[in-house]
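Hi everyone, thanks for coming. Let me put the structure up so that we can walk through it together.

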Amino acid sequence: IQRVVRALWLQLKSLEGPALMVTPIVGSRRHGYRMAPADFLDKRLGDDFSGLEPAMIARGDIFLGLDLAAHILPYRARDLRRWKAHGVDLAFVVYDLLPALHPHWFSANSRRNYLRWINVVMRQADHVICIAEAVKCDLEGWIKTELGTRVRVPKLTVMRLSGDMTASNPSTGLPADTKDVFAWASAGPTVLMVGTIEPRKGYDQALMAFEQLWAAGDAAAPQLLIVGRPGWMTEPLQQSIRQHREHGRRLVWIDNASDEYLEGLYTRCHGLLFASRAEGFGLPLLEAASHGKPALARDLPVFREFAPTSVTFFSSDHASDLAVSISNWMKADKTADPGQACASLVSWPEAAVDVVTALGIAQGRSHRDGDTG
C-alpha cells in the first residue's frame, strides 16, 4: 500500500494546473489533520504533528484518503463530518476487504480497526475507488450483507495499478552482503517470493513444496528466496524458516529489503512464486513482469483480472501438487519470453488519471466548476 501511496502522490502532484492544486495532509489521533511538508516522502515525520499547521479546507475541495489509516480515521470522523458540512467531497481508496471477509487471518486489533475504518468510509464517503473489480464486487457484497439499506452507498469506481517500482519514489540502500546474495541467486535457478510473512500468503504450503523438491534429490531443483518482513500469527513458521536445515544454502529469507535491493533480486531470479490465498490486487505479479520475469500464482479471480501473459496459475492447496506445478513451470518457462508482457502493463501516470477521472476531475479542472480541489 505504501508503494501505491508514494507513486500516486507523485503522479497526482504532476497533474497540477490552474484549476487543480494537490496538497498533502497527515492525520493522527491526537493532532487531527495537519499540512504535511511538500518533501514529506523524503523525511520521517514521526508521530508528533503539533508543529504542523492545521489542514485548511474550503468548499469544492476533495479529501482523498489515499492511505489505509485504519487506526486513525475512526478517531477523526468528526473532522470529516465537519468538512462534509462545509462542502468538501470525501473520497477513499479501498485496497481490499480481507479483514472483514477473512477475520481468521488477522489479529483482533487489526480486525477491530479495519471494521471501524470501513464503516466510517461507507457512511461518509462520496467516492470509493477500489484497486480492482474483484475488490469492488467484494465491497458491494459486504455492503449488502452488513449494511443493507442503512447507508447511502457512495459512488464506487475502479482504478488500475502499475508495477513500475522506479516511479514510486523507491527506497534505497544495500546491505554489506549484497554481492554474496546476488551471486547466490544467480548461481542456480532461484524462485522469489515477495510479501510479509502472514497467514494468507501461502508460505507454509510453499516451504513444504520446496522441501519435497529438495528431498527428491534433483540437482536442478530451484532455490527459494523469500523477501518479506516478519508478520503476525506466523511465529512458528518464521522460526521454521530461520532454523531450516537448508537455510543459508537453498533457502534464504531477507526480512528488510529496500526497493533498490528488491529490484536487484528480481533481475537475478528465475521468476516469482505468488502463493497467496487472497489478495486485493497483487503488485508483485506486475513487478515481476516489468522485470521480464515469469510468475506462478494461485488461481485467484483478482489475478485473472489483471495478470499479464507471463503468469501461470495453480489451484491446489496441497504441497505435493504445488511441487509438481513448480517443477513443470520451471521447465516450461525456459524458452518463454515474459518480457513481451511488459507492453500491456499500466503506468503510474495512467493510474493517476484513473483516480482523477473517478473523482470527476477532467482535463485539469475540478468537478466543482473549476474550484481548487
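This is a predicted model: local features need pLDDT of at least 70, side-chain atom pairs count only at pLDDT 80 or more; totals for chains, interfaces and linings use all residues.

Residues are numbered from 1 along each chain as its sequence is written, and side-chain values use heavy atoms, with hydrogens and water left out.

Helices (H or I, at least four residues) and strands (E, at least two) are DSSP runs, numbered from the N terminus. Two strands pair if DSSP finds at least two bridges between them.

So, the sheet. Six strands make up an open sheet with parallel pairing, in the order E9-E8-E7-E10-E11-E12. At the edges sit strand E9 (251-254) and strand E12 (311-314), each pairing on one side only. On average, neighbouring strands are turned by 25° against each other, direction ignored; axes here are lines fitted to C-alpha atoms, for helices over the stretch in contact, and angles run from 0 to 180 degrees between N-to-C directions. Helix H7 (residues 203-215) packs on this sheet, touching E7, E8, E9, E10, E11 and E12, and its direction makes about 160° with that of E8. Contact, by the way, means heavy atoms within 4.5 Å.

Now, please look at strand E8 (residues 223-227), which is joined to E9 by four bridges, running parallel. Five bridges join E7 to E8, also parallel. Leu225 has Val252 as its bridge partner in E9, and Leu192 has Leu225 as its partner in E8. How many residues of E8 are buried? Five of the five are, so E8 is largely enclosed by the rest of the structure. Buried means under 20% relative accessible area, exposed over 50%, and partly exposed in between (1.4 Å probe, protein chains only). Gln223, Leu225 and Val227 cover one side, with Leu224 and Ile226 on the other.

On a 1 Å grid over the protein atoms alone, a cavity is a set of points where a 1.4 Å probe fits but cannot get out, and a pocket is an open set with protein on both sides within 12 Å along at least five of seven lines; lining residues have an atom within 4 Å of a point. Grid points are joined across faces, edges and corners, and a volume is the space filled by probe spheres set on the points.

The structure holds one cavity of 30 Å³ or more, and the largest cavity has about 40 Å³ of space. Its lining is Met193, Val194, Lys201, Tyr203, Leu273, Phe274 and Ala275. The second largest pocket has a volume of about 200 Å³. Eleven residues line that pocket, and the closest to its centre are Asp218, Ala220, Pro222, Met330 and Lys331. Helix H12 (residues 319-332) gives the most to the pocket lining, with three residues.

Finally, some single residues. Most residues other than glycine have a negative phi. Met233, however, has a positive phi near 60°. Met233 is in the loop between E8 and helix H8 (235-242), and is partly exposed at 43%. Asn169 also has a positive phi, near 50°, and is partly exposed at 27% relative accessibility. Val356, in helix H13 (residues 348-358), is buried at 11%.
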